[in-house]
Amino acid sequence: MIGRNKSVGPDGIPSATLKMGGEAMILFLARSRLAMVHYQVDWKKAAAVPIHKGGDRSSAKNYRPISLTSVVGKSMEHVIAEYLRQVWDDSDWLYEGQHGFRTGFSCKSQIITVCQDISDTLDESTRLDAIIIDFSKAFDLVPHDRLLKKMADSGVDLRVVVWIREFLSGCSQRVRVGTHYSEEVRVLSGVPQGSVLGPLLFLAYVNDILRNIDSKIRLFTGDCIVYRINLKNVEILQVDLDSLGSGLKKTK
């Protein structure tokens, strides 16, 4: 699940160590993970490395953070993530228009469905109104208490919900530039970016918000397009946008 060349997290344990340990590592990992309610302290620390996106290198806005976390912790996240996908797939819980981080879905499937709907509209000589939205800093604004309630309501085993609570609580991070580190700060909200579970937890949080939209909405995680055929009733699209906005404001 974890590549041999995966960057080392704050605990200093490289993925190669787990690979070479083979089956001998299984007993140790089983004892130190789900069997214990408390998530290991070292697994809650992250080193955020700024990656330049383009433009002026002196502007912090032109960088995106990549969080380096424990490789051992990430391997456990993979186990939990696989369980969540299985539960949600079996119950068909996730919103059908969500194409991000789901088996059989991708940004390509999102684009294909939107293009097909547009093509059908053109064939019928009708008008289609569309709004493209990017949820800015959405991962950072997810409140943990509300997320955990939604996780429990999704049919997930309560022991896993408790594990996720431990995974989210007491996290800290610091910025690394070269060999220099900033001061460590606590993370009080949001889901960890750069983690395995972060995207799935975000999908769980926005899932019920999307179900209240009458217009069609196709997403790839936090990037979405909302649209509907204009039958001389554009006000419905505006109502849906207002509803979507109100739901997202609750994350602040």
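This is a predicted model: local features need pLDDT of at least 70, side-chain atom pairs count only at pLDDT 80 or more; totals for chains, interfaces and linings use all residues.
I'll start with helix H6, residues 158-168. Its buried residues are Val160, Val161, Trp163, Ile164, Glu166, Phe167 and Leu168. Note that Glu166 is on that list of buried residues. As for what lies over them, the cover includes helix H3, residues 71-91, and helix H5, residues 144-153. Strand E4, 171-177, and helix H7, 198-210, are also part of that cover.

Now the two ends of H6. At the start, Asp157 places a side-chain oxygen within 2.8 Å of the backbone nitrogen of Arg159. After the helix comes Gly170, with a positive phi near 70°.

Next, the sheet. It is open, has 3 strands in the order E3-E8-E7, and the pairing is antiparallel. Which strands stand at the edges? They are E3, residues 127-134, and E7, residues 216-220; each has a single partner strand, so one side of each has no neighbour in the sheet. On average, neighbouring strands here are turned by 15° against each other, ignoring direction.

Between E3 and E8, which covers residues 223-230, the antiparallel pairing runs over 8 bridges.

On to the core. The largest nonpolar core holds 41 residues. Leu84, Trp88, Leu147, Met151, Ile164 and Leu201 have the most contacts inside it. At least two residues each come from H3, H5, H6, H7, E7, E8 and helix H8, which spans 235-249. H7 contributes the most, with 9 residues.

Take Leu201 as an example. Setting aside neighbours within four places in sequence, Leu201 contacts Leu147, Met151, Ile164, Phe167, Leu168 and Val191. Of these, Ile164, Phe167 and Leu168 are among the buried residues of H6.

Last, the aromatics. The count is 3 aromatic pairs. One of them is Trp88 with Trp93, a tilted pair at 5.2 Å centre to centre with 35° between the planes. Are these two tryptophans buried or exposed? Trp88 is buried, at a relative accessible area of 2%. Trp93 has 19% relative accessibility, and because the limit for buried is under 20%, Trp93 counts as buried too.

That is the end of the talk.

Definitions and conventions: Residues are numbered from 1 along each chain as its sequence is written. Side-chain values use heavy atoms; hydrogens and water are left out. Buried means under 20% relative accessible area, exposed over 50%, partly exposed in between (1.4 Å probe, protein chains only). Helices (H or I, at least four residues) and strands (E, at least two) are DSSP runs, numbered from the N terminus. Contact means heavy atoms within 4.5 Å. A polar contact is a pair of N or O atoms within 3.5 Å; within protein, one must be able to donate a hydrogen and the other to accept it, and residues adjacent in sequence count only if both atoms are side-chain atoms. Two strands pair if DSSP finds at least two bridges between them. Axes are lines fitted to C-alpha atoms, for helices over the stretch in contact, and angles run from 0 to 180 degrees between N-to-C directions. A nonpolar core is a set of buried Ala, Val, Leu, Ile, Met, Phe, Trp, Tyr and Cys residues joined through side-chain atoms within 4.5 Å. Rings of Phe, Tyr and Trp (its six-membered ring) pair if their centres lie within 6.5 Å; planes under 30 degrees apart count as stacked, over 60 as edge-to-face and the rest as tilted.
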